[in-house]
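Thanks, everyone, for making time this morning.

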Amino acid sequence: MVRRTKEEAQETRKQILEAAEKAFYERGVARTTLADIAALAGVTRGAIYWHFSNKADLVQAMLDTLREPLNEMARASEDEEEVDPLGCMRKLLIHLFHQIALDPKTRRINEILFHKCEITDEMCDMRRQRRAASLDCNVHIELGLRNAVKRGQLPENLDTARAAISIHAYIDGILYQWLLAPDSFELHKEAERWIDTGLDMLRLSPSLRN
């Protein structure tokens with residue numbers, strides 16, 4: 001009986017997340033209320049509060065569903081024993097572009113994040129979460145870059161902290177532009193070239209040297 005209750009709770013949580021994704025995509029985060037999501041999911045507002053503290057918590061849970069498939073590849077570039085950390089990073093980023101371009105769910109959630117997630121007073125928690133996630137991402141990118149330097153894949157005098165911020169901003173910028181105007185270029189077909197352009201910046205830019 002307890003197992004069934006847990007399964008039902010997980011199913012309710014899944015319904016809420018799917019409803020939130022649909023509502024946020026259609027209306028934007030600021031214009032969507034928890035009551036809207038409850039109605040769409042066929043649950044009460046109390047059911048939403050059982051699983052999520054507030055709207056920001058719900059948005060973050062939706063974003064977290066995107067990270068799990070990439071975690072293993074991300075860790076590989078950070079592993080000091082990895083013989084090809086830059087290759088692992090390249091593979092991860094190409095996979096990211098392909099996934100956003102070809103998987104409808106991933107594309108919708110990223111479009112919500114980049115273009116439909118207004119940071120209002122109600123979403124202050126979300127702003128803090130996004131800031132923490134961005135800074136944490138820079139740390140993980142820098143670990144991978146340091147390993148690539150040790151393996152001779154990047155210049156020995158690379159400013160890895162500045163390089164991490166630069167490649168992070170470059171990837172975000174490509175995604176921002178494509179999600180805003182997907183007809184402007186074919187992200188999945190040009191993924192390798194876009195990623196190699198960013199990695200060339202790390203290899204060749206004098207401004208990224210210590």
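Let me begin with helix α9, residues 187–204, whose 18 residues should span 26 Å at 1.5 Å a residue, and whose end C-alpha atoms lie 24 Å apart, which agrees; the expected span is 1.5 Å times one less than the number of residues, and helices are DSSP runs of H or I with at least four residues, numbered from the N terminus. This is a predicted model, in which local features need pLDDT of at least 70 and side-chain atom pairs count only at pLDDT 80 or more, while totals for chains, interfaces and linings use all residues. Residues are numbered from 1 along each chain as its sequence is written, and side-chain values use heavy atoms, leaving out hydrogens and water.

At Arg 193, α9 bends by about 30°, taken as the angle between axes fitted to the seven residues ending there and the seven starting there. Its buried residues (under 20% relative accessible area, 1.4 Å probe, protein chains only) are Leu 187, Ala 191, Ile 195, Gly 198, Leu 199 and Leu 202.

Turning to the rings, those of Phe, Tyr and Trp (its six-membered ring) pair if their centres lie within 6.5 Å, with planes under 30 degrees apart counted as stacked, over 60 as edge-to-face and the rest as tilted. The count comes to two aromatic pairs. Phe 114 and Tyr 176 are edge-to-face, 6.5 Å centre to centre with 70° between the planes, and they join distant parts of the chain, 62 residues apart, in helices α6 and α8. The rings of Phe 185 and Trp 194 have centres 5.3 Å apart and planes at 55°, so that pair is tilted.

Conventions:
Helix = DSSP H or I, 4+ residues; strand = E, 2+ residues; numbered from the N terminus. Buried < 20%, exposed > 50% of the residue type's maximum accessible area, 1.4 Å probe, protein only.
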